[in-house]
Amino acid sequence: MMYPAEPFRIKSVETVSMIPREERIKKMQEAGYNTFLLNSKDVYIDLLTDSGTNAMSDKQWAGMMIGDEAYAGSENFYHLEATVRELFGFKHIVPTHQGRGAENLLSQLAIKPGQYVAGNMYFTTTRFHQEKNGATFIDIVRDEAHDATLEVPFKGNIDLKKLEKLIEEKGAQNIAYICLAVTVNLAGGQPVSMENMRAVRELTKKHGIKVFYDATRCVENAYFIKEQEKGFENKTIKEIVHEMFSYADGCTMSGKKDCLVNIGGFLCMNDDEMFSAARELVVVYEGMPSYGGLAGRDMEAMAIGLREAMQFEYIEHRIKQVRYLGEKLKNAGIPIVEPVGGHAVFLDARRFCEHLTQDQFPAQSLAASIYVETGVRSMERGIISAGRNKETGDHHRPKLETVRLTIPRRVYTYAHMDLVADGIIKLYKHKEDIRGLQFVYEPKQLRFFTARFEYI
């Protein structure tokens with residue numbers, strides 16, 4: 001495979017350095033073996049997340065200088081609104097400080113206690129807001145998404161038979177909405193086909209069920225459609241994105257990913273009554289409907305970044321840089337989630353740490369060991385992230401137990417990917433030395449952010 005060179009020139013640099021291994025061991029102990037609790041200055045290559053860690057362009061930085069910081073009616077909001085309407089096709093947009101702000105609004109507006117929300121695999125903050133507002137999340141992703149070893153296209157697709165069965169058993173009136181993620185983060189950044197989106201829309205329309213997308217990485221999803229789905233090879237990314245959203249009633253968006261900014265998000269919908277209610281609610285939690293917790297300059301950068309994300313040269317390099325790391329690891333025999341997704345390479349911690357049970361938190365321990373070995377920060381996406389069943393109090397035990405190596409946009413080079421791969425390959429040679437962990441401190445909500453651990 002040919003891996004394209006960076007479609008940009010570097011005009012500003014940030015110096016980073018590697019602290020000695022002995023010091024990394026100490027820092028990891030102090031952080032309670034939770035990579036979220038490391039200080040960023042102690043990290044050499046930071047692959048914790050692609051959320052808000054993007055490098056902005058010269059045009060985005062220029063846009064920051066024309067921020068209209070009016071408390072109401074900011075010109076930058078109108079620019080963002082017009083951009084989202086053009087590219088996504090939705091009638092209404094409500095800005096929020098980031099994606100979970102939009103999730104909060106949607107969950108309060110669309111869910112009645114006792115209802116169900118079905119989706120193609122859960123995401124942490126999304127499910128929290130849904131359950132907090134009285135819903136039960138039902139996973140209706142295709143079965144293949146839960147198997148790290150299967151290399152099949154569009155593993156993020158909704159299983160239509162599961163959806164039909166859910167409607168039959170629960171009743172359409174008891175389903176608040178379908179939450180369709182494009183791409184599916186916890187499945188390994190797996191995309192959803194246009195055919196599947198269209199079929200979901202047709203089925204839900206028959207039963208009067210709304211469909212809201214988690215649009216966080218919609219541009220990445222569009223690239224996979226262009227690359228792998230028949231009939232879209234000659235369409236532009238912009239055209240594909242627009243058609244994707246034509247099959248939805250609205251979306252939540254974390255601008256910190258595919259809008260190429262460091263902060264920001266929004267909620268979209270077509271329904272006038274829901275929009276009116278959202279405008280009222282955003283004032284309570286975020287800010288005025290024309291800024292939603294953001295400075296004007298942030299909205300300007302988000303509008304510009306969203307257009308830049310539609311450029312084929314950008315998104316091709318973005319996807320293939322991730323794929324480059326994945327292929328290097330795979331060729332060395334490192335167990336990863338296949339196929340490689342759009343924003344990260346997911347190590348299969350079950351196979352990497354076969355000597356540990358899931359209740360010994362293999363992914364959490366592997367992420368800590370990667371930092372000690374390489375100075376690279378990654379994150380757990382398994383039993384710790386899944387949390388506990390609110391009824392039984394027992395752990396949710398997802399089939400996928402992974403460590404996510406998340407690539408920020410326009411930040412690192414192929415040489416950085418080489419260093420990451422070489423370090424993990426070296427660690428794999430003495431993987432049996434990785435020890436299990438247990439909780440020292442377990443928060444009640446979204447525990448993976450702030451929990452602390454110790455070796456068993």
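Predicted model: local features only at pLDDT ≥ 70, side-chain atom pairs only at ≥ 80, totals over all residues.

Visitor: What is the strand order in the open sheet of seven strands?
Guide: The order is β2-β8-β7-β6-β5-β3-β4, with mixed pairing. Strands here are DSSP runs of E with at least two residues, and helices are runs of H or I with at least four, numbered from the N terminus. Two strands pair if DSSP finds at least two bridges between them.

Visitor: Which strands stand at the edges?
Guide: β2 (92-96) and β4 (136-139) do; each has a single partner strand, so one side of each is left without a neighbour in the sheet.

Visitor: How many bridges join β3 to β5?
Guide: Four bridges join β3 (residues 116-119) to β5 (residues 175-181), and the two strands run parallel. Gly119 has Cys179 of β5 as its bridge partner.

Visitor: Which strands does α3 lie across?
Guide: α3 lies across β2, β7 (250-254) and β8 (265-269), at about 125° to β2. Angles run from 0 to 180 degrees between N-to-C directions, with axes fitted to C-alpha atoms, for helices over the stretch in contact.

Visitor: At what angle do α3 and α11 pack?
Guide: Helix α3 (residues 75-88) and helix α11 (residues 296-309) pack at about 25°, with axes 8 Å apart. They are therefore roughly parallel to each other, a term for angles under 35 degrees.

Visitor: Which residue classes make up that contact?
Guide: The contact of α3 with α11 has ten nonpolar, four polar and four charged residues. Nonpolar covers Ala, Val, Leu, Ile, Met, Phe, Trp, Tyr, Cys and Pro; charged covers Asp, Glu, Lys and Arg; the others, Gly among them, count as polar.

Visitor: Changing topic, is Ser57 buried or exposed?
Guide: Ser57 is buried, with a relative accessible area of 13%; buried means under 20%, exposed over 50% and partly exposed in between, with a 1.4 Å probe and protein chains only. Ser57 is in the loop between β1 (45-46) and α2 (58-64).

Visitor: Which residues does Ser57 touch?
Guide: Ser57 touches Glu308 and Arg410, not counting residues up to four places away in sequence. Contact means heavy atoms within 4.5 Å.

Note on methods. Residues numbered from 1 in each chain as written. Heavy atoms only, no water. Parallel < 35°, antiparallel > 145°, perpendicular 65-115°, else oblique.
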